[in-house]
Amino acid sequence: MKDSLKNITLGITAHVDSGKTTLSEAMLYTSGKITKFGRVDNKNSFLDTNSIERDRGITIFSHCAEFSFGNTCITLLDTPGHVDFSAETERTMCVLDYAVLVISGTDGVQSHTSTLWKLLEKYNVPVFIFVNKMDLNNADKKYVLEKIKKHLSPFCTDFTEGDIYENTASCCEELMEKYLNDGELSENDIVSAVAERKVFPCFFGSALKMQGIEEFISALDRFT
């Protein structure tokens with residue numbers, strides 16, 4: 001028998017031009033919420049409905065959509081990425097259960113990325129990181145992950161390679177002790193570690209090319 005749905009409010013935020021709205025679009029499309037994949041440059045994305053947003057190709061106002069995946073019902077809030085509208089982004093953070101911080105695989109951690117990270121810390125929001133644009137030639141996964149660990153937190157951990165249980169244990173002394181004693185962690189251990197901001201799962205892909213999207217949403221279902 002399928003478990004009852006859990007409900008979470010998930011904010012998606014990023015430095016401008018990291019592909020935040022495109023990732024939102026890809027998540028909605030993958031979940032079946034929308035049947036046509038819109039694009040910012042085509043001015044037909046599902047969440048940027050304001051005419052000014054479509055003309056400028058940026059998110060100015062926070063928009064929301066609901067979709068379900070697995071056992072999770074997600075209220076997705078797409079927030080502005082441009083620094084000029086950061087007050088709108090901060091206002092949204094007050095209501096979030098979790099956040100997705102989108103980072104460009106070609107640009108890495110930018111100035112506004114660090115600002116957003118500090119705001120998420122201020123409001124104690126658990127964070128999943130999606131490194132976007134990994135389909136581009138100059139995207140370097142190892143380099144970007146090193147910068148994320150250096151500039152954001154050493155507890156930002158790759159959830160796409162290696163043993164995620166071991167990776168999570170390495171971020172917390174208490175979990176490492178349990179891992180060494182029991183030889184394993186449970187999925188609930190990871191859920192708790194994420195919720196308590198002891199680990200920040202990192203994923204890599206391309207929203208535009210729909211690479212890594214289903215795996216990412218599956219992780220949101222599993223680890224929230």
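How many bridges pair β4 with strand β5 (residues 127-132), and in which sense? The two strands run parallel and are paired over six bridges; strands count as paired if DSSP finds at least two bridges between them. Helices (H or I, at least four residues) and strands (E, at least two) are DSSP runs, numbered from the N terminus.

This is a predicted model, in which local features need pLDDT of at least 70 and side-chain atom pairs count only at pLDDT 80 or more, while totals for chains, interfaces and linings use all residues. Residues are numbered from 1 along each chain as its sequence is written, and side-chain values use heavy atoms, with hydrogens and water left out.

| Strand pair | Sense | Bridges |
|---|---|---|
| β1 (residues 6-14) and β4 | parallel | five |
| β4 and β5 (residues 127-132) | parallel | six |
| β5 and β7 (residues 200-204) | parallel | three |

Individual partners can be named for each pairing. I12 has V100 of β4 as its bridge partner, I129 stands opposite C202 in β7, and S104 is bridged to N132 of β5. Between β4 and β5 the chain passes through helix α4 (residues 111-122), and this β-α-β crossover is right-handed, that is, clockwise from the first strand over the helix to the second when the strands point away from the viewer.

Strand β4 (residues 98-104) is mostly covered, with seven of its seven residues buried; buried denotes under 20% relative accessible area, exposed over 50%, and partly exposed in between (1.4 Å probe, protein chains only). Y98, V100, V102 and S104 point one way from β4, whereas A99, L101 and I103 point the other way. In β5, six of six residues are buried. There V127, I129 and V131 point one way, and F128, F130 and N132 the other way.

**Nonpolar cores**

A nonpolar core is a set of buried Ala, Val, Leu, Ile, Met, Phe, Trp, Tyr and Cys residues joined through side-chain atoms within 4.5 Å. The largest has 39 residues, and V100 and F128 are among those with the most contacts inside it. Helix α9 (residues 213-223) gives the most to this core, namely six residues. Leaving aside residues up to four places away in sequence, F128 touches partners including V100, F203, F216 and L220, where contact means heavy atoms within 4.5 Å. A second, separate core of 25 residues includes A99, L119, M134 and F204.

**Helix α4**

At 1.5 Å a residue, the twelve residues of α4 should span 16 Å, and its end C-alpha atoms are 17 Å apart, which agrees; the expected span is 1.5 Å times one less than the number of residues. H112, T113, L116, W117, L119 and L120 are buried in α4. Seen down the axis, the buried residues fall within an arc of 160°, so they line one face of the helix; the arc is that of the directions from the helix axis to the C-beta atoms. S111, K118 and K122 are exposed on the other side of α4. After α4 comes N124, with a positive phi near 55°.

**V144 in helix α5**

V144 belongs to helix α5 (residues 141-151) and is buried, with a relative accessible area of 3%. Residues up to four places away in sequence aside, V144 touches I103, G105 and V131. V144 and I103 are 41 residues apart in sequence, yet 8.9 Å apart in space, C-alpha to C-alpha.
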